[in-house]
Every structure is written in structure tokens, then in C-alpha cells.
Amino acid sequence: MTEPPASPEVAEAIRVQEQLRSRWEPAAWAGPAPRTLAGVDVAYDGTGEAEDRVAAAVVVLDAATLEVVDQATAVGTAGFPYLPGLFAFREVPSLLRALERLTVTPDVVLCDGQGLAHPRRFGLACHLGVVTGLPALGVGKTPLLGTWTEPGPERGDWSPVLDGGETVARMLRTQPGVKPVTVSVGHRVDLDAATRFVLAAAPRYRLPETTRLADRLSCEALRAG
DNA sequence: GCGACAG
DNA sequence: ATCTTGTCGC
């Protein structure tokens, strides 16, 4: 309940986070299957300083064929240090600049990190979803918090991630016998829909193609820029 | 009090 | 996130 602010910047970030949270929309995915799925990721030069050089990338894929239909990048400075729980303040600014350079508006954004599976229920996927107004979900390699049991061994098997008595995410097996990923609600997408979208985007590998392509593009942009 | 801690 | 060789396997 209490969060001892380590600095004025941190206290302000937490305040902004709780302010944005009031604009969060939990609405279930009601529309037809998305036509496009976007993946976003950020590559870094340093190890967690506010001065680190960054390269943000967004890749838009056709949801049915997973072919790239658009992509964009933006290089700059992080502007905020890496602090668990305040990750969005490090990635969102440059991600917004990359998103502005797209020529198409994606139907759903798959973020590399958490959504509701966050200490204040407002991780990167919620934050980016709210500020862009786009449906968003979180797909992480490792959970930030919560407890869970090992999901079944088949692709599509999942188990709930609980925190404080509520389900905040799912550990989802995207490939048989491979370590599960963490899927959580971001904005305007429910957990069932988020699970479907992640599985659709990960037909071959553990991580969805959206994440893999955005990761590759961001690394290239960092080296080039 | 101590450790853990998305990328 | 990033630093990094070889190695096991389809």
C-alpha cells in the first residue's frame, strides 16, 4: 500500500502512473479478429542509465499471414533509468515516436513486458495502450510478480498467475515442452483474446513473431543510428 | 531487515 | 537490456 519514494522523479512517475490508470479501459475484445498485429521493442546501448542511447522499433504484421505490412524506428536517449515497476517511463517516449512514423494503424499492439501483472496494475502494455488509445497486451519472457503452477506441456496450455488474490496474467506455453511466456491484459483486450493473439503470432517459436521482428529491427536501428 | 525485481 | 564460445539437435 505504501511506496517509499526514493527520489522526486520516482514519486512523480508513480503519480503519473496512477493518473493514467484512471483512463485505462478493461473492455473485452468485442470486435472481429484483428487484421493486423504490431510488435514493439526497444534496444539499448547502456545497462540501465537515463543517458543510455535507445532505438525503438515497431513492426506491423498481417494477422493471418504474419507478413510485414509496415515498420518504423526512432533513436534517441532513454531519459529515465531502468527501475522495475517504472519500465514504461523508459520505453514509451521513444516507442511513441516510432509509432507516429507508421503509415497504418495496428489493430492490436503486443508489448515486450507486462500489462496488469504489475505492482500498481499498470505495466508497459497498459501505459502504451492508454496513451495511444490502441488495444494492447503484454507478452513477457519472465513475470514481474505473482505465483503460478507449471502449465501443461502442450502448445496452448496455460496456468493463471495470481497476485494479491487476483489473476493478473497467464503463463502460456507457445511451443510444446518450451518454457512458457507471461501474457497479461494491457488495454481494451481481455486475457482470452490476448492469449489467442499471442498464440496466433507464435506458430513456430517461443516468442511471437511480432516480438522477434521488433527486437531485430530495434537492434539494427541502434547500430545504424 | 533482507532479497527480489518486466527490459 | 547486454556481455559472449561452443555445443547439442532437427
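Me: How much space lies in the largest pocket?

Reply: Rolling a probe the size of a water molecule over the atoms shows where empty space is left. In this predicted model, the largest pocket holds about 500 Å³. A pocket is an open set of points on a 1 Å grid over the protein atoms alone where a 1.4 Å probe fits, with protein on both sides within 12 Å along at least five of seven lines. Its volume is the space filled by probe spheres on points joined across faces, edges and corners.

Me: Which residues lie nearest the centre of the largest pocket?

Reply: Tyr82, Phe87, Asp112, Gly113 and Gln114 do, among 27 lining residues (an atom within 4 Å of a point). Strand E1 (36-44), H2 and helix H5 (209-224) each give two or more. Helices (H or I, at least four residues) and strands (E, at least two) are DSSP runs, numbered from the N terminus.

Me: Which residues of H3 does H2 meet?

Reply: Leu124, His127, Leu128, Val131 and Thr132, with heavy atoms within 4.5 Å. Residues count from 1 along each chain, and chains are lettered from A, ligands numbered from 1, as written. Local features need pLDDT of at least 70, side-chain atom pairs 80 or more, totals use all residues, and side-chain values use heavy atoms, without hydrogens and water.
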